[in-house]
Amino acid sequence: MINVLFVCLGNICRSPMAEAVFKVKVAEEGLEEKIHIDSAGTGGWHIGKPPHEGTLSILRENNIKGDDLSARQFSPDDKRFDYIVAMDDSNAANIKEVLPEEFHGSVFRLLDLVEDSTEKDVPDPYFTGNFQEVYRLVESGCSQLLIKIKKEHNM
Ligand code: 4NP
């Protein structure tokens with residue numbers, strides 16, 4: 001099993017959106033038995049909560065289910081994930097503060113995979129309110145992530 005974890009700050013806006021979008025892409029390729037997907041937040045304020053209404057509504061517009069997700073906090077046990085995908089630089093720094101150093105190589109930003117993207121951090125819609133922009137960035141990042149994983153695992 002290949003384990004993929006998306007991480008943001010609250011685990012209610014960006015990382016659950018990425019989790020839901022990536023699950024669809026993985027299922028479309030019939031790889032759901034091979035790739036396990038989860039998300040977490042570096043902060044613990046929203047533990048147990050469903051995604052933000054802005055995330056749920058943009059997912060619904062795109063016929064993607066997200067209301068079964070619930071927020072949890074990133075922990076050092078998450079070192080078992082092969083790909084730890086941060087939404088922005090500050091998430092990556094927070095992850096590395098709690099993750100043993102030998103696992104830091106698993107951590108990267110989603111938009112680092114999108115070569116022609118001028119933005120490398122997914123802006124936080126909890127503060128910007130722009131869930132549409134986040135969806136566009138998450139969609140292109142997740143496409144590249146699946147290409148990367150398939151290449152690295154000869155799928
Ligand atoms: P997220 O957005 O990291 O994309 O889930 C946030 C959600 C909640 C908070 C911050 C960011 N908060 O401060 O409660």
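The model is predicted, with local features needing pLDDT of at least 70 and side-chain atom pairs counting only at pLDDT 80 or more, while totals for chains, interfaces and linings use all residues. Residues are numbered from 1 along each chain as its sequence is written, and side-chain values use heavy atoms, with hydrogens and water left out.

**Glu-133**
- Glu-133 sits in helix 5, residues 131–152; helices are DSSP runs (H or I, at least four residues) and strands are DSSP runs (E, at least two), numbered from the N terminus.
- Beyond its neighbours within four places in sequence, Glu-133 is in contact (heavy atoms within 4.5 Å) with Glu-119 and Pro-123.

**Nonpolar cores**
- A nonpolar core is a set of buried Ala, Val, Leu, Ile, Met, Phe, Trp, Tyr and Cys residues joined through side-chain atoms within 4.5 Å.
- The largest nonpolar core has 38 residues, and Val-4, Phe-6, Met-17, Phe-22, Ile-35 and Leu-145 touch the most other members.
- At least two residues of this core come from each of strand 1 (2–8), helix 1 (14–28), strand 2 (35–41), helix 2 (53–61), strand 3 (83–86) and helix 5.
- Helix 5 gives the largest share of this core, nine residues.
- Leaving aside neighbours within four places in sequence, Leu-145 is in contact with Val-4, Phe-6, Phe-22, Val-85, Phe-108 and Leu-113.
- A second, separate core has eleven residues, among them Phe-81, Ile-84, Ala-92 and Leu-99.

**Ser-15**
- Ser-15 lies in helix 1 and counts as buried because its relative accessible area is 0%.
- Not counting residues up to four places away in sequence, Ser-15 touches Phe-6, Val-7, Cys-8, Ser-39, Ala-40 and Met-87.
- Ser-15 and Val-85 are 70 residues apart in sequence, and their C-alpha atoms are 8.8 Å apart in space.

**Ligand surroundings**
- Residues surrounding the ligand (a heavy atom within 4 Å of it) include Cys-8, Cys-13, Arg-14, Trp-45, Tyr-126 and Phe-127.
- A ligand oxygen atom is 2.8 Å from a polar backbone atom of Gly-10.
- An oxygen atom of the ligand is 2.7 Å from a side-chain N or O atom of His-46.
- For Asp-124, the distance from a side-chain N or O atom to an oxygen atom of the ligand is 2.9 Å.

Methods
Buried < 20%, exposed > 50% of the residue type's maximum accessible area, 1.4 Å probe, protein only. Polar contact = N/O pair within 3.5 Å; in protein donor to acceptor, adjacent residues only side chain to side chain.
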